[in-house]
Amino acid sequence: MNIDIKEQNGFYLAKLSGWIDTAVANVFNEELKPLMANAQKSIELDCSNLEYICSLGLRGLLQLKKESSAKGGTLVLSHVDGEIKKILVMTGFIKLFDIR
């Protein structure tokens with residue numbers, strides 16, 4: 001699991017890659033903290049290299065979504081396909097996020 005976060009003119013792009021399973025979910029949620037702190041801004045999570053996400057990882061995404069909504073920011077999940085899309089559909093999370 002890897003998260004590469006870049007800020008560009010007040011916009012945040014985070015590229016997620018690898019597996020977010022129960023072994024690394026706590027690390028993943030810790031690495032989301034800079035995005036949580038700036039949730040009033042526009043945030044895009046690029047999932048093109050994300051291979052898997054467990055329920056604890058989904059919980060982190062949901063917390064980021066709630067924080068973003070509370071602070072007036074936006075959160076977009078981009079390049080969601082394959083296994084990640086199946087997981088979001090199965091859990092109903094597909095309806096909770098702006099997916100592009």
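Reader: Which residues of helix 3 are buried?

Author: In this predicted model, local features need pLDDT of at least 70, side-chain atom pairs count only at pLDDT 80 or more, and totals for chains, interfaces and linings use all residues. Residues are numbered from 1 along each chain as its sequence is written, and side-chain values use heavy atoms, with hydrogens and water left out. The buried residues of helix 3 are Gly57, Leu58, Gly60, Leu61, Leu64 and Ser68. Buried means under 20% relative accessible area, exposed over 50% and partly exposed in between (1.4 Å probe, protein chains only). Helices (H or I, at least four residues) and strands (E, at least two) are DSSP runs, numbered from the N terminus.

Reader: Where do they lie around the axis of helix 3?

Author: They cover an arc of only 155°, so they are on the same side of helix 3. The arc is that of the directions from the helix axis to the C-beta atoms.

Reader: And which exposed residues are on the face turned away?

Author: That face of helix 3 carries Ser55, Arg59, Lys66 and Ala70, which are exposed.

Reader: What does the buried side pack against?

Author: The buried residues of helix 3 pack against several elements, including strand 2 (11–20), strand 3 (42–53) and helix 4 (82–91). Contact here means heavy atoms within 4.5 Å.

Reader: How many residues are in the largest nonpolar core?

Author: The largest nonpolar core has 25 residues, and Leu35, Leu45, Ile53 and Leu64 have the most contacts inside it. Such a core is a set of buried Ala, Val, Leu, Ile, Met, Phe, Trp, Tyr and Cys residues joined through side-chain atoms within 4.5 Å. Strand 3 gives the most to this core, with five residues.

Reader: What does Leu35 touch, then?

Author: Beyond its neighbours within four places in sequence, Leu35 is in contact with Ile5, Tyr12, Ala14, Ile43, Leu45 and Leu64.

Reader: Do strands 1 and 2 run parallel or antiparallel?

Author: Strand 1 (residues 2–8) and strand 2 run antiparallel, joined by seven bridges. Two strands pair if DSSP finds at least two bridges between them. Strand 2 also pairs with strand 3, in the parallel sense, over nine bridges.

Reader: New topic: how many aromatic pairs are there?

Author: There are two aromatic pairs. In one of them, the rings of Phe93 and Phe97 are stacked because their centres are 6.3 Å apart and their planes are at 25°. Rings of Phe, Tyr and Trp (its six-membered ring) pair if their centres lie within 6.5 Å; planes under 30 degrees apart count as stacked, over 60 as edge-to-face and the rest as tilted.
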